[in-house]
Amino acid sequence: IGPGTIRTVALTELLIYLIEEPCFDILRTKEQLGYSVYSTCPSTHGILGFSVTVVTQAEKFNVEHVSERIKAFLCEFCTTLKQMDEKDFEESVDALIELKLHKDLNLPEEVDVNWPEISEQTYVFDRREKEAKILENFTREDVADWLATHITAGKARRSLTVQVCGRSLVKRTDSEPTRKTGSEVIIDDVVKFRNSLPAFPIWKVNQ
């Protein structure tokens with residue numbers, strides 16, 4: 001996704017809250033793609049991401065099929081989100097706000113919340129309160145438009161599919177780091193590809 005702000009962090013967390021149950025229900029329960037299915041919004045040194053992970057058995061589904069089903073689910077969820085009942089959306093927002101404003105019950109919980117602010121030098125000790133305030137103003141359209149722009153097929157979309165296979169399923173290729181297959185670029189040499197990329201600076205999510 002890119003460098004984060006307090007607003008984009010709150011929005012991606014709301015997206016994860018909304019997508020978590022249907023992601024598991026459709027990809028795990030109904031399509032039975034894998035025994036472990038989950039979505040996350042990682043932040044690495046302030047650089048935000050969004051991921052859907054499916055752990056599957058290679059003899060049941062090939063990686064191409066799983067990848068296509070994840071893409072299809074995200075597109076379908078974008079439509080579902082736009083048609084979501086307004087009351088259900090507001091209840092989800094309220095539930096997330098309640099989690100944000102939940103008081104720490106003991107010292108370890110308080111440390112878990114505040115120590116990252118010190119170690120990452122952001123010092124936003126009222127981060128949860130600020131995120132809760134921002135969440136109050138989000139609409140279905142805000143989340144759906146952001147999802148369409150950054151995740152499904154929008155102009156800001158940047159997608160990386162990581163597939164880990166057993167050795168018997170891996171086809172050896174030449175030493176070129178990447179090769180094109182249709183509209184996609186296949187990364188064969190991860191180290192060479194990574195070294196060819198520009199790097200984001202360490203980003204502090206403090207505004």
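This is a predicted model: local features need pLDDT of at least 70, side-chain atom pairs count only at pLDDT 80 or more; totals for chains, interfaces and linings use all residues.
View 1. Helices (H or I, at least four residues) and strands (E, at least two) are DSSP runs, numbered from the N terminus. Starting at the N terminus, you can follow the elements as β-α-β-β-β-β-α-α-α-α-α-β-β-α. Of the 207 residues, 29% are buried; buried means under 20% relative accessible area, exposed over 50%, and partly exposed in between (1.4 Å probe, protein chains only). Accessible areas come from the Shrake-Rupley method with a 1.4 Å probe, and for residues only the protein chains shown count as cover. A contact means heavy atoms within 4.5 Å. Among contacts with a separation of 6 or more, 65% are between residues 24 or more positions apart.

**View 2. E131 and K100 join their side chains in a salt bridge (2.5 Å, N to O).** This pair links distant parts of the chain, with E131 in helix α5 (residues 127-135) and K100 in helix α3, 31 residues apart. Both partners are worth a look: E131 is buried at 3% relative accessible area, and K100 is buried at 10%. A salt bridge here is a side-chain nitrogen of Lys or Arg within 4 Å of a carboxyl oxygen of Asp or Glu. Side chains of opposite charge can pair when their charged atoms come close. In total, the structure holds 11 salt bridges.

**View 3. E86 and R140 meet through their side chains in a salt bridge (3.0 Å, N to O).** Because E86 lies in helix α3 and R140 in helix α6 (residues 140-152), the pair ties together parts that are 54 residues apart in sequence. E86 is partly exposed, at 33% relative accessibility, while R140 is buried, at 17%.

**View 4. R127 and E117 form a salt bridge between their side chains (2.5 Å, N to O).** Here R127 in helix α5 and E117 in helix α4 (residues 107-119) link distant parts of the chain, 10 residues apart. R127 is buried, with 15% relative accessible area, and E117 is buried too, at 6%.

**View 5. D85, D88, E90, E91, D94 and E98 gather in a surface patch of negative charge.** One of them, E98, sits in helix α3 (residues 86-100) and is exposed, with a relative accessible area of 61%. Patches are made of residues with over 30% relative accessible area and no salt bridge; like charges are joined within 9 Å, and nonpolar side chains (Val, Leu, Ile, Met, Phe, Trp, Tyr) within 5 Å. Asp and Glu count as negative and Lys and Arg as positive, while His and the chain ends are not counted.

**View 6. S39 is found in strand β2 (residues 36-40).** S39 is buried, at 10% relative accessible area. Leaving aside residues up to four places away in sequence, S39 touches I16, I19, E20, C23, S51 and V52.

Definitions and conventions:
Residues are numbered from 1 along each chain as its sequence is written. Side-chain values use heavy atoms; hydrogens and water are left out. The place of a charge is taken as NZ of Lys, CZ of Arg, CG of Asp or CD of Glu.
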